[in-house]
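Q: Please take a close look at a single part of this structure and describe its surroundings in one connected account.

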Amino acid sequence: MEKRSVDSRVRGVSTGTTILAATFDGGVVIGSDSRASIGGEYVSSKTINKVVQVHDQIFCCMAGSLADAQAVTKAAKFHLSFHSVQMETPPLVIAAASVLQELCYNNKEELQAGFITAGWDRKKGPQVYVVPLGGMLVGQPVTIGGSGSTYIYGYVDAKYKPNMSREECLQFATNALALAMGRDNVSGGVAHLVVITETGVEHVVVPGNKLPKFHNE
Amino acid sequence: MDSVPVNGVLRSRLIETTIMALEYDGGVVIGADSRTTTGAYIANRVTDKLTPIHDRIFCCRSGSAADTQAIADVVTYQLGFHSIELDEPPLVETAANLFRASCYRYREELTAGILVAGWDRRKGGQVYCVPIGGMLVRQPVSVGGSGSSYIYGFMDSNYKPNMTKDQCLELTAAAVSLAMERDGSSGGVVRLASISKDGVERRVILGNQLPKYSTH
């Protein structure tokens, strides 16, 4: 993620990141790269984790201004835990996404942050929601975001199938992140992945040298 | 082509497009979409962006339609003349260098991204990329135009060296279809051509025959 550009002639802030989430049969995989850069010239961190836990089985990935994203997720975590105490039941994934949406929409003038929320709940099972800049909320089986995502639209469209197995989905997500990191100079480092199912949560970290290699001409 | 008002006059541009070229053992395969936009209006939905420069040399055009057509005309003339002087078919590298010479000399005035692909006796199938600015580089596979961003990942994972001609055609059709699905300025039909020592084979894949992908 980069510092927000103050140049008003620049249309749109480039979010130096690649994030994605995909549902499979019985769960969901959410992942991101780990690079934070300043203006695309200096890598300020090689190992930042952009996948944030907002509740036991609900995670979200941030894209955009790092400061804005952290502030919003902090507020969302608080709202969600309060909501969950009041309801005496774990929150629904759509509730988490709605909390983020409300924060993003009501403060759309000041914020430059987009989110992908993924998780598992008892009502609808595995779900993925995306809240882009501006504060829309859309549920999709698979979604990608950040600057690196443009390079993998074709790959994701061609390769994603609904109801894959856990291993297939994990491989698909790792490949997609590796391909995006290979083409986008502001995405890189390691691939952080989280697999969420009914039984729990598993973190997978794939270091740079263990990422799949593709033909590079 | 999309139009950009310049001094109050609309000029057609073709920047938004998807073009692709791959080498295989024995020739090259090239492909493109067929949409030309003037702003939000599709001025031509069956454009042919694959232009012959010589018997076994083609170019794929992206950028300003006017600029690329003018450059292609100039290079066709220069190459034809050169080939007569030489008394043998020209090299693909020569054609690529002619494109590069024009694109680099007039880099300030032009907006042209061109892929030059063809077959010659010396080096077989070759693909040269001459992007905006006038660089020249040979690559076994190259994509261009605005739609190309969306298929870098797909190409990186699916291209393998030493594919057969049919595999290349299938891959090109799939990649251009994927780009057309995501890029608002690419669309229409997929035009393909394969060039080898036996000649040029052209085909068109219509909208309803394009490969379909999981819609989400």
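A: B:Thr18 touches B:Gly31, B:Ala32, B:Asp33, B:Gly144, B:Gly147, B:Ser148, B:Ile151, B:Val176, B:Ala179, B:Asp183 and B:Ser186, leaving aside residues up to four places away in sequence; contact means heavy atoms within 4.5 Å. This is a predicted model, in which local features need pLDDT of at least 70, side-chain atom pairs count only at pLDDT 80 or more, and totals for chains, interfaces and linings use all residues. Residues are numbered from 1 along each chain as its sequence is written, chains are lettered from A and ligands numbered from 1 in the order in which they are written, and side-chain values use heavy atoms, without hydrogens and water.

With a relative accessible area of 0%, B:Thr18 is buried (under 20%; exposed is over 50%, partly exposed in between, with a 1.4 Å probe and protein chains only). Its side chain makes a polar contact of 2.8 Å with the side chain of B:Ser186 (a pair of N or O atoms within 3.5 Å; within protein, one must be able to donate a hydrogen and the other to accept it, and residues adjacent in sequence count only if both atoms are side-chain atoms).

B:Thr18 lies in the loop between strand 2 (9-11) and strand 3 of chain B; strands (E, at least two residues) and helices (H or I, at least four) are DSSP runs numbered from the N terminus. Strand 3 (residues 19-24) of chain B pairs with strand 12 of chain B in the antiparallel sense over four bridges, where pairing requires at least two DSSP bridges. B:Ile19 has B:Gly144 in strand 12 of chain B as its bridge partner.
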